[in-house]
Amino acid sequence: MVEGDSGKSKSESYNVEAGLQPNYNQNNAAAGAGNAAHNPNNSPSLTGSNSNSTHIDNRAIIQPYSLGTGAKQPEYQFAADNRGYEPEPNTNGKQQDVERVGAGGAGDSSDEDAKHKTPLPPPNRPIVANFERAIELCEYGKFHYILLAICGLVSTSEEMDVISMSFILPSAECDLDLDTGTKGWLNSIIFIGMMVGAYFWGSIADSFGRKKILIVISFMNALCIVASSFSQSYGYFMLFRFLNGAALGGSGPVIWSYFAEFQPKAKRGSMLSFMAAFWTFGNLFVAGLAWLIIPTQVGFISEYFTYNSWRIFLLVCSFPSFLVGFLLFYLPESPKFLLTRGKKDKALAIFRGIYVTNTKKKPEDYMVYDLEVDEKLSTESAVGFKGKYKRMISGMVDHSRDLFKSPILRFTLVSITINFTFHIGYYGLMMWFPEVFNRYEEYEKSHPDQPADICAVTDYVVDQLQKESHNGTCNSDIPQSVFMESLITLASALPANLFAILGMDLLGRRFFLIAGTLTAGICSALMYMVRSSVQNLIVSAVFSGAISAANAALDCLITEVFPTKLRATGVAISMVAARLGGIIGNIVIAQLLDNFCPVPTFIVSFLLIGGGLMCLLLPNTTRKELN
């Protein structure tokens, strides 16, 4: 998958966490440190007097973990020996001048450059760089696309787990004895778990790193899905869906922080929008799976145990989570996070590995020999943490407190409000689309060629359910057209996501958020005016496309607005508000639809439009540095 040399013997093993590589030059250790290496142009040379060239294990960082197998654990160095990048001492005993970002020279980033967003020219000698300059000099290529594929698959699996319930509800109605109220709670329990998990995992990720947390929650998520598919009662099913949500709660804030921290500012908006498109892929994939599996008669039913088609569908939905759990081992820790912990050597090793993977050049060609670190952040990170559990608790408390202090307080409150209002509409309607499609099918089957609004359809279906309950009968068969309409609705998000990918860095985050929520809000109000399943499908499809583009913009904006030290926690708290909105949307909106139609459609319309306009209170983060 990546480039590397073959100088290591077959009996040796290596560990490449955060760019660490073993030193295979054991024979040189006794003779002294380092040997001469190729010195292009003005780049500093390796120190030392040994005439043999130093062997640098040049494997790029996308490698799995491995334990040493020799009698003695090999000495670990960074992917490229840092001594080879130190400036060469001159005759006066002083180091040669180097270019520093923001300190003049070829690597300087002036206010005029920033104003016009002109990219800096590549330096002609190794420099001391900040994060933005260092990741820019890695160039953009193979590593970033592999990162996008793996992180995108995390988002795909997360959305599959959330949306899968909307397809299960009509099918599980008889097995779990569901009515509108219990359906609302089943839709909502995963959001309750996500609300709890988001804050917990996000705070831990800001203390211990992004990658390890993502691996843990991916496997936890997959196992909980499998357990829920075997649950035979409503209570156990609710329990495992809650635990499933607790794992998913960490996935969202952590994966977005992790992915953003590898992106140069010129491409961050478009790539975050691209990753948001994986939510659409997850929607389409889960809709297609539901169409293929649920209508079939696969599985078996006995007096004591039932494992029918909708349970098999749920089991299949767990496979992507297992897959990403293994794939994440092949990625490094976030270099931005490592810099906030004062670990600039590990961060620099990762940058070199990214450079090698993207360019297929030698690590010594990477024009950064040292990284700028915010000494205040690194000091704060290193003080007061004597044990990992104390560090975890202290980190959670400190990060939460900092989010509610000026000047971050305004960002936190606006972010919470936008996410709350947005997700009432997003999940309050999107999660119920298959149910609404099914209701229209039932009504039109009994009343062919007779137009009716959503309220008349709902009254008819609720009345039929009450009759079936009194008669002791239950019918959970779902017409094929319901799955087809769901797939069309979710597929409408694809062109909207493509537009967001192409235009996010040109038109800006706030443009897409306001335009998307305004369009979705109008569609929500129009749902009261539709008179047939076809009209309902058209309005639902436009709603899905608009809300998806707005969601991509919201993910970009919320990810970028918080500083690195607080990013995962800030996004997590925003996600807590989002999950609370999802809970209210699924429970309250459903009950209002059955009892006070058409009030919920206008409530959702007002909340979406109002929440979208609140983004004007946040700073413009388009093509800006990540801190």
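What share of the contacts in the protein chain with a separation of 6 or more comes from residues 24 or more positions apart? The share is 80%, where contact means heavy atoms within 4.5 Å. This is a predicted model in which local features need pLDDT of at least 70, side-chain atom pairs count only at pLDDT 80 or more, and totals for chains, interfaces and linings use all residues. Residues are numbered from 1 along each chain as its sequence is written, and side-chain values use heavy atoms, with hydrogens and water left out.

**Overall make-up**

- The protein chain has 23 helices and seven strands. Both are DSSP runs numbered from the N terminus: helices are H or I with at least four residues, strands are E with at least two.
- The chain has 627 residues, and 57% of them count as buried. Buried means under 20% relative accessible area, exposed means over 50%, and partly exposed lies in between (1.4 Å probe, protein chains only).

**Salt bridges**

- The structure holds nine salt bridges. Each is a side-chain nitrogen of Lys or Arg within 4 Å of a carboxyl oxygen of Asp or Glu.
- E136 and R133 form one of them, at 2.6 Å from N to O. These two residues sit three apart in helix α3 (residues 131-137), so about one helical turn separates them. E136 is partly exposed because its relative accessibility is 29%. R133 is buried, at 3%.
- R210 pairs with E261, and their closest N and O atoms are 2.6 Å apart. R210 belongs to helix α6 (residues 210-230), while E261 is in the loop between α7 (234-260) and α8 (265-293), so the pair ties together parts that are 51 residues apart in sequence. R210 is buried, with a relative accessible area of 0%. E261 is buried too, with a relative accessible area of 0%.
- D505 and R509 also meet through their side chains, at 2.9 Å from N to O. D505 counts as buried at 8% relative accessibility. R509 is buried at 1%.
- A network of salt bridges links D505, R509 and E560.

**A helix pair: α7 and α22**

- Two packed helices are described by the angle between their axes and the distance between the axes.
- The axes of α7 and helix α22 (residues 567-595) come within 8 Å and cross at roughly 140°. Axes are lines fitted to C-alpha atoms, for helices over the stretch in contact, and angles run from 0 to 180 degrees between N-to-C directions.
- The crossing of α7 and α22 is right-handed. That label applies if the near helix is turned clockwise from the far one by less than a right angle; anticlockwise gives left-handed.
- On the α7 side, the meeting residues are G252, P253 and S257. On the α22 side, they are R567, A568, V571, A572 and M575.

**A nonpolar surface patch**

- Helix α19 (residues 493-507) gives the largest share of the nonpolar patch, three residues.
- L507 lies in α19. L507 counts as partly exposed because its relative accessibility is 45%.
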